Amino acid sequence: MRPSEDTYRHKGLRKKLVDTIRDKGITNEKVLDAINRVPRHYFLESAFDEKAYEDRAFPIGEGQTISQPYTVAYQTQLLELEPFHKVLEIGTGSAYQAVVLAEMGVQVFTIERQKKLYEINKEFAFLKKYITIKFFYGDGYEGLPTYGPFDRVIITAAAPEIPPKLIQQLKPGGMMVIPVGAGNVQQMMRITKLSSGALKEEVFEDFSFVPMLGGKRS
Ligand code: SAH
């Protein structure tokens, strides 16, 4: 069962979580506000009710995880979002990151390759109010050519390399935030597509994500 009540206790725990993330170096107050508005415990089984406000990743079934709040904030900050941006997310998972993006005022297109996780989100009542999020079941390596090009692309699984089709679907001036690396540790990278079409690459901290796999899983 999922919890569906956001009590004062939850709100208090969430404020502490935001302070923790700020102390770890997140400076964008809009990102911190978005984290503060999203009841993360809704995305986990009620057994994790309070643990939801620890700065940790958790299992969500099918061997997948809900990303650590610090990681969600870190990627969101690197995206340098502006209102109404079109954002493509690869790896919907629990949909927590997608909701944080929606709270930043952007339009979200999110793809999940595991049918079961996609179906769970279709049944998740809390998500219904987020009309700016569109959910897709598919292979993120392909992106969404018919919905692109996108202002921003965020990949929330470990990519062995930068997926070329996703670069194609970036607008000129667009940015992709992606953890790159085939081993246990990935480097967070930001790729900016310059107006000339050339790519600028920046490397940030190390993180550890579940792998980005090819193809769909039914
Ligand atoms: N953004 C999620 C993090 C989920 S973990 C959250 O906030 O909870 C990464 C997710 O990426 C997993 O659900 C996994 O199934 C998915 N994934 C891995 N490879 C993928 C691909 N090629 N296309 C779409 N989703 C993929």
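Let me start with a question: is Phe84 buried or exposed? Keep in mind that this is a predicted model. Phe84 is exposed, because its relative accessible area is 70%, and the cut-off for exposed is over 50%. The residue is found in the loop between α3 and β3, with β3 covering 86–90. Phi of Phe84 is near 75 degrees, a positive value in a residue other than glycine. Most residues other than glycine have a negative phi.

Now the overall picture. The protein chain has six helices and nine strands. Along the principal axes, the C-alpha atoms fill a box of roughly 50 × 40 × 35 Å. Of the 218 residues, 51% are buried. Take the contacts between residues at least 6 apart in sequence: 55% of them join residues at least 24 apart.

Surface and charge next. The accessible surface is about 10300 Å², and carbon and sulfur atoms account for 53% of that. There are 29 positive side chains and 27 negative ones. The centres of those two sets lie 4 Å apart.

On to the helices. Start with α2, residues 29–37. Val31, Leu32, Ala34 and Ile35 are buried there. They span an arc of only 160 degrees around the axis, which puts them on the same side of α2.

Helix α5, residues 115–123, has Leu117, Tyr118 and Asn121 as its buried residues. Their arc is only 100 degrees, which again places them on the same side of the helix, here α5. The partners are strands: β1 (58–61), β2 (64–66), β4 (107–112) and β5 (133–137) pack against the buried residues of α5.

Follow the chain out of α5. Leu127 sits in the loop between α5 and β5. This leucine is buried, because its relative accessible area is 5% and the cut-off for buried is under 20%. Which residues does Leu127 touch, not counting those up to four places away in sequence? They are Phe43, Ala95, Val99, Asn121 and Phe135. Asn121 is one of the buried residues of α5. For a distance, take Leu127 and Asp6: 121 residues apart in sequence, 15 Å apart in space, C-alpha to C-alpha.

Phi of Ala95 is near 80 degrees, a positive value in a residue other than glycine. Ala95 counts as buried, at 0% relative accessibility.

One more backbone point. The peptide bond from Gly148 to Pro149 is cis, with omega near 0 degrees. Most peptide bonds are trans. Pro149 is in the loop between β5 and β6, and β6 spans 150–155.

Now two buried residues in contact with each other. Gln75 is found in helix α3, residues 69–78. It is buried, with a relative accessible area of 1%. Beyond four places in sequence, Gln75 touches Gln97, Ile154, Ile155, Thr156, Val177, Pro179, Met188 and Phe209.

Val177 lies in strand β7, residues 170–180. Val177 is buried as well, at 0% relative accessible area. Its contacts, again leaving out residues up to four places away, include Gln75, Leu78, Leu79, Val153 and Ile155. Met188, Met189 and Arg190 are also among them. Val177 and Ile155 are 22 residues apart in sequence, with 6.4 Å between their C-alpha atoms.

Last stop: Glu201, in strand β9, residues 199–207. Past its neighbours within four places, Glu201 is in contact with Ile162, Met189, Arg190 and Ile191. Met189 and Arg190 also touch Val177. The C-alpha atoms of Glu201 and Met175 are separated by 9.8 Å, and the two are 26 residues apart along the chain.

That's the tour.

Technical notes:
Residues are numbered from 1 along each chain as its sequence is written. Side-chain values use heavy atoms; hydrogens and water are left out. Helices (H or I, at least four residues) and strands (E, at least two) are DSSP runs, numbered from the N terminus. Buried means under 20% relative accessible area, exposed over 50%, partly exposed in between (1.4 Å probe, protein chains only). Contact means heavy atoms within 4.5 Å. Accessible areas come from the Shrake-Rupley method with a 1.4 Å probe; for residues, only the protein chains shown count as cover. Lys and Arg count as positive and Asp and Glu as negative; His and the chain ends are not counted. The place of a charge is taken as NZ of Lys, CZ of Arg, CG of Asp or CD of Glu. The arc is that of the directions from the helix axis to the C-beta atoms.
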